[in-house]
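Dear colleague,

I am passing on a structure for you to look through. Below it are some notes on what turned up, with the conventions stated as they are needed.

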Amino acid sequence: MNTTLSPVEVAQAVQTEEQWDNFVTGRYKAGKSEAEFRNYDAKALPGVAEFYRLNHENQTLDFVLRKEKEYYALVKGEKSIWEAAEFLNTLVDDSDPDTDLTQIEHLLQTSEAVRCDGHPRWMVATAFVHDLGKVLCLYGEPQWAVVGDTFPVGCAYSEKIVFPEYFANNPDMQVPEYQTMYGIYEPHCGLDNVHMSWGHDAYLAHVMKPYLPEEALYMLRYHSFYAAHQQGAYKHLMSKHDEEMFDQAVRKFNPYDLYSKGQARPDVAAIKPYYDELFAEFFPGRIAW
Ligand SMILES: [Fe+2]
Ligand SMILES: [Fe+2]
């Protein structure tokens, strides 16, 4: 399904994605309460509310299983990290070329912030790749299946997920087995055994599995699982190991994802040699997507 998006579709996709990014940043950076951001942001950003409605209505267990099957086969071709980043870079917002960062600049802001703080090289590499899964957009996936908060499917939705009322029209609400606390899962079965709503996080973590350490894969797979890493939901499905990894990895990465935006525009040419070496350390020349 290698759909080519029209310029209008690309512009819309970028707009929704940026609105969501800004929404998440505003919501957690400012430490707003659920009520505060709901009262303010839902009105201020109707596009975001509509995005969450589509996301919550369409992310069913069946949908997720289909997407896992489709994309975990890694049949979208081989690309180097730079090639994947260049490909993602074709998502350009034409409406405001002066202020908007390209996707590559955006990735570099995150990874440079991680590097500046002296974190290990694998974490710098992880920060650079963390949003490359958004190429799903360019495969023709709708926004609600690419970005947004992620959450387990096949069990009851937490009230801590943003806009929980939008789950009312999700067909899985009519399947009693999926609406119990544990649903199709066992208590503390570990998140590895849990199907997460489909998006760039799960896809990218799967692509990166052979190359990056476990902490990195946790950072990638759960970076949008705000209900768990910010609100503490879903502990009843998590193993002890998951909880440790959330403390040591997922929560460590989140500030870089949220707060590195708006920093100085990275000088891509100047720092490229560092990244060439970094990628050569962790990745083969081309990897399967
Ligand atoms: Fe992301
Ligand atoms: Fe991000």
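Helices (H or I, at least four residues) and strands (E, at least two) are taken as DSSP runs and numbered from the N terminus. Residues are numbered from 1 along each chain as its sequence is written, and chains are lettered from A and ligands numbered from 1 in the order in which they are written. This is a predicted model, in which local features need pLDDT of at least 70 and side-chain atom pairs count only at pLDDT 80 or more, while totals for chains, interfaces and linings use all residues.

Two loop residues first. Most residues other than glycine have a negative phi. L74, in the loop between α4 (61–72) and β1 (78–79), is not a glycine, yet has a positive phi of about 55°. F163, which lies in the loop between α7 (121–129) and α8 (200–208), likewise has a positive phi, of about 50°, without being a glycine. A residue is called buried if 20 or more other C-beta atoms, placed from the backbone, lie within 10 Å of its own, exposed if 12 or fewer do, and partly exposed in between. L74 is therefore partly exposed, with 14 such atoms within 10 Å, and F163 is partly exposed because it has 17.

Next, the helix pair. The axes of α9 (residues 214–222) and α11 (residues 240–259) come within 8 Å and cross at roughly 60°, where axes are lines fitted to C-alpha atoms, for helices over the stretch in contact, and angles run from 0 to 180 degrees between N-to-C directions. That makes α9 oblique to α11, since angles under 35 degrees count as roughly parallel, over 145 as roughly antiparallel, 65 to 115 as roughly perpendicular and the rest as oblique. Taking two residues as in contact if their C-beta atoms, placed from the backbone, lie within 7 Å, the contact is made by E215, Y218, M219 and Y222 of α9 with M245, Q248, A249, V250 and F253 of α11.

Helix α9 is mostly covered, seven of its nine residues being buried; these are A216, L217, Y218, M219, L220, R221 and Y222. The buried residues of α9 pack against α7, α8, α10 (226–229) and α11.

Finally, a nonpolar core is a set of buried Ala, Val, Leu, Ile, Met, Phe, Trp, Tyr and Cys residues joined through C-beta atoms within 7 Å. The largest one has 64 residues, and F128, L204, M208, A227 and V250 have the most contacts inside it.

With best wishes
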